[in-house]
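Dear colleague,

Please find the structure for your review below. My findings follow it.

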Amino acid sequence: MSIGKIHGVESLPGLSQVEKPQTNLGESFSKALTDAHALDNDATQQAERFANHDPSVGIHEVVIASEKASIAVRYAVTLKNKALEAYHELMNTQV
Amino acid sequence: MPRVNTNMDFFTAMEVSASGLSAQRARMNVASSNLANAQTTAAAGGGPYKRKDVVLSSADIPGTEGELGGAVKGVEVSSIKEDTAPPRLEYDPGHPQANAQGYVAYPNVNPVEEMVDMITASRAYEAGITTMSTAVNMAEKALGIGK
């Protein structure tokens, strides 16, 4: 008795044509961290300027800056979680 | 204010509403100045206080100029103009600021109009906050994809 190949598996024709991404995940993660750091600095600066009675900084600007920093940090954390998840998924592959 | 450039599109909506909030804050400040000076007969520069009006114009938010073909605009206070309406004359011959005919020139401020302006500014501020909260909510929902 011969076991036939599963049709379509032998070549996976699309696989070799997939372009490599321009950046890897590490780069995007480090970019996200840099952004988060810059936004956090910005939020701190605005809070300081507001505390020093700078008339050009309104209370909403301080709150918005810290909200932005918070979103950027959560974005970086989400990227990190996704990367770790993918890594664990691969490491747990049954061979 | 220098803007921290990121590739996060959600921040554009936040920047635009922030400019709106600043504009409404300016309107609120001007309305309170008008109300506070509603009886000022000797303003700086002589004569009664003249009612001030905020002129708003749309402005590019630094870093987002090209977005959606330049359709996304913030708002800024381009100038604060004086109302050209004549002062309100009241007969009060004993007043130190009275003219030869006994009339005192009071500011051209109508408290009712100022109240309406204040309420409009306050509602527009609330609308800006709602836009902001919605943008933040969207960003949070996007970060929660797949959870």
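A:I59 is exposed, with a relative accessible area of 52% (exposed means over 50%, buried under 20%, partly exposed in between, with a 1.4 Å probe and protein chains only). This is a predicted model, in which local features need pLDDT of at least 70 and side-chain atom pairs pLDDT 80 or more, while totals for chains, interfaces and linings use all residues. Residues are numbered from 1 along each chain as its sequence is written, chains are lettered from A in the order in which they are written, and side-chain values use heavy atoms, without hydrogens and water.

A:I59 belongs to helix α2 (residues 59-91) of chain A (helices are DSSP runs of H or I with at least four residues, and strands runs of E with at least two, numbered from the N terminus).

The search of the whole structure gave 14 salt bridges over all chains (a side-chain nitrogen of Lys or Arg within 4 Å of a carboxyl oxygen of Asp or Glu). One of them joins B:R51 and B:E113 at 3.4 Å, N to O. This pair links distant parts of the chain, 62 residues apart: B:R51 is in the loop between α1 and β1 (52-59) of chain B, and B:E113 in helix α2 (residues 111-143) of chain B. B:R51 is buried at 3% relative accessible area, whereas B:E113 is partly exposed at 36%.

B:R51 also forms a salt bridge with B:D117, the closest N and O atoms being 3.4 Å apart. B:D117 is partly exposed, with a relative accessible area of 23%.

Yours sincerely
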